[in-house]
2 protein chains.
Amino acid sequence: MPDSTSHTVVAVVLQVRQGRLVPIVRRVDRGPAEPLETALARAIDVAALAHVEQLETRVLRDGTLATAYLGLVPADADAPDETDDLAPDESELVTAAHARLRAKLSYTNVAFALAPETFTISELREIYVPALGHDVSATNLQRVLVRRGVLARVEGRRAPGRTGGRPAALYRFASRRLEITDEFAALRPPGSRATG
Amino acid sequence: MPDSTSHTVVAVVLQVRQGRLVPIVRRVDRGPAEPLETALARAIDVAALAHVEQLETRVLRDGTLATAYLGLVPADADAPDETDDLAPDESELVTAAHARLRAKLSYTNVAFALAPETFTISELREIYVPALGHDVSATNLQRVLVRRGVLARVEGRRAPGRTGGRPAALYRFASRRLEITDEFAALRPPGSRATG
DNA sequence: CCAAAAGTGTTGAATGTACACCCATGG
DNA sequence: CCATGGGTGTACATTCAACACTTTTGG
C-alpha cells in the first residue's frame, strides 16, 4: 500500500526510432522538500533531453500522487531502451504526452528536440511523420518551416545513396529553444502582420 | 513550517468584470487519498465554473507542493470577491492562468466560459478585449467566430440604448464544452480541408 | 539515357485584417 | 435629420496543400 502522502515524479520520454515514436517511462519518489526538477533528474538523464515540460499531475490507480513530465530526445542520441510493459497509468500518460507533442508540432518549433543537429528535409520528414501520426509531404514541410524561419540552411549537401538522386541540402533548426511560431491562429493584435 | 509531505490545491478563477479580468484565488490542503477534483471542489464552488483545467504543479516558496487549476466564470455569474493581496506564488499562478487563457482564446471556443448564455457581438468584444489583453474589432471577431461555427444566432435582438443605434443581433456559443476550432495551424493531415 | 531523389513554380482555396459603406434606432 | 451603434461588402494579404515540373545524381 503506497503512502498516500508521497509524491512520484514520472518522466515520459519520447524519441523517434526507425519510423516509430518510442516511449521511455521512469518514475521516482520525490524526497521531502525536494524540488520537482531534482526528482526528475534522478528519474532520467535530463542533460540528454533536448526539451522538457510538465505534463500533468494526477492520482494514480494505486492512490499515489504523480506529476508527469514530457521529455524529448533527438533521434540520433543514445537513450534508454523502450519501456514496453506499460502500466495502464503509464500508458495514459504516454498518450497524453504524444497528444501534447502532436499539437505543439504544428505551431511551435518543438521538432528541434526530436531532430539531429543537422538533417535533410527527408530525414526531418521521417521524424515528423511518426510524431504527428499522419503523413506529411517533404515539399510542404520544407515550405512551411523555411517560410516561418524555423529552419536555416547549413553549408554543404548530403551525397545521394547508391540509387542516385539529387544531393539533399542540409538544414538545422534556427533556434533550439521552444518557440511559438504561430502565436495567434486568429484574433491577432491590430496592426501586427507577419514580421517578415 | 509546512509539512513537506502535504499537497495543496489552488483554484485560480478568472472572470471579466467591468472591462477587467479579475482573479479569485483559493487554496485548500488535499486530504490523504483525496482525489484532486474533490479538493478543488472544497476550494471553490466548481458548479459555478463554466470551465476548469489543470494549470501546473510546483513547489511554492514555503516548500508546499501545490497543484493549480484554472477556472472560468461567465461575466454575468455571481462569484466571490476579487482576491487582491496576492502572495508572489499566487501572483505567478494568476499570470500563468491568464497566459493559458489568452493562448486558448485564439484557437478554441473557451470564451463560452467567460460569456453569458446569450450576448451581442459588442458584449462579447468587451469580454475578449480584457481576456486577450489587446484590442479586437467587433467586425473581425464576428467574422472569425461565425465562420468557424463557434457562434450561432439566437432569436431576437437587443434594443438600443438611450443614444440610439441599430438593435444588435443576439448570439450564443454553439457548444459550451471546450473545442479546438483550429486544430492544425499547419501540417494538416493530407486531404483534410476545412469541413465547411 | 533512365530511374530515383530533391527541390522549385504555380495554382487554387481558405482564412484573416482593414476599411468603406449601409442599416436601424433614439432624440 | 443627425448622431450613434450595428452589420455587411469588398479588397487585399497571408498561408497552405496539391501537384506539375525541373534539377542533379548513380548506374
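**A look at A:Asp135**

Analyst: Let's start with one residue: the side chain of A:Asp135 is in polar contact with the side chain of A:Arg125, at 2.8 Å. Keep in mind that this is a predicted model.

User: Where does A:Asp135 lie in chain A?

Analyst: A:Asp135 sits in the loop that runs between α3 (121-132) and α4 (138-147) of chain A.

User: And how far apart are A:Asp135 and A:Arg125, in sequence and in space?

Analyst: They are 10 residues apart in sequence, and C-alpha to C-alpha they are 8.8 Å apart in space.

User: What else does A:Asp135 touch, leaving out residues up to four places away in sequence?

Analyst: Besides A:Arg125, A:Asp135 touches A:Val129 and, from the other chain, B:Pro190.

User: OK, zooming out. What's the secondary structure of chain A?

Analyst: Chain A has four helices and six strands. Going along the sequence, the pattern is β-β-α-β-β-α-α-α-β-β.

User: What does the C-alpha trace of chain A span?

Analyst: About 60 × 50 × 25 Å along its principal axes. Of the 196 residues in chain A, 45% are buried.

User: How much of the contacts in chain A comes from residues 24 or more positions apart?

Analyst: Taking contacts with a separation of 6 or more, 61% are between residues 24 or more positions apart.

User: Which domains is chain A divided into?

Analyst: Domain 1 is 7-107 and domain 2 is 110-173. Their centres, taken over C-alpha atoms, are 26 Å apart. Where they meet, domain 1 of chain A puts in 19 residues and domain 2 of chain A puts in 15 residues.

User: What area is buried between domain 1 and domain 2 of chain A?

Analyst: About 1300 Å², with carbon and sulfur atoms giving 70% of it.

User: Switching to the two chains. How many residues does the contact take from chain B and chain A?

Analyst: It takes 35 residues from chain B and 35 residues from chain A. About 2600 Å² is buried between them, and carbon and sulfur atoms give 66% of that area.

User: How many salt bridges between chain B and chain A?

Analyst: Zero salt bridges between chain B and chain A. As for polar contacts, two residue pairs make them.

User: Which elements of chain B supply at least two residues of the side that touches chain A?

Analyst: β3 (51-59), β4 (65-72), α2 (88-107), α3 (121-132) and α4 (138-147) of chain B. β3(B) has the largest share, five residues.

User: And how do the residues on that side of chain B divide?

Analyst: The side of chain B that touches chain A has 18 nonpolar, eight polar and nine charged residues.

Conventions. Residues numbered from 1 in each chain as written. Chains lettered and ligands numbered in written order. Predicted model: local features only at pLDDT ≥ 70, side-chain atom pairs only at ≥ 80, totals over all residues. Heavy atoms only, no water. Contact = heavy atoms within 4.5 Å. Buried area = accessible area lost by both parts, 1.4 Å probe. Salt bridge = Lys/Arg side-chain N within 4 Å of Asp/Glu carboxyl O. Polar contact = N/O pair within 3.5 Å; in protein donor to acceptor, adjacent residues only side chain to side chain. Nonpolar A, V, L, I, M, F, W, Y, C, P; charged D, E, K, R; others polar. Domains from an automatic or database assignment. Buried < 20%, exposed > 50% of the residue type's maximum accessible area, 1.4 Å probe, protein only.
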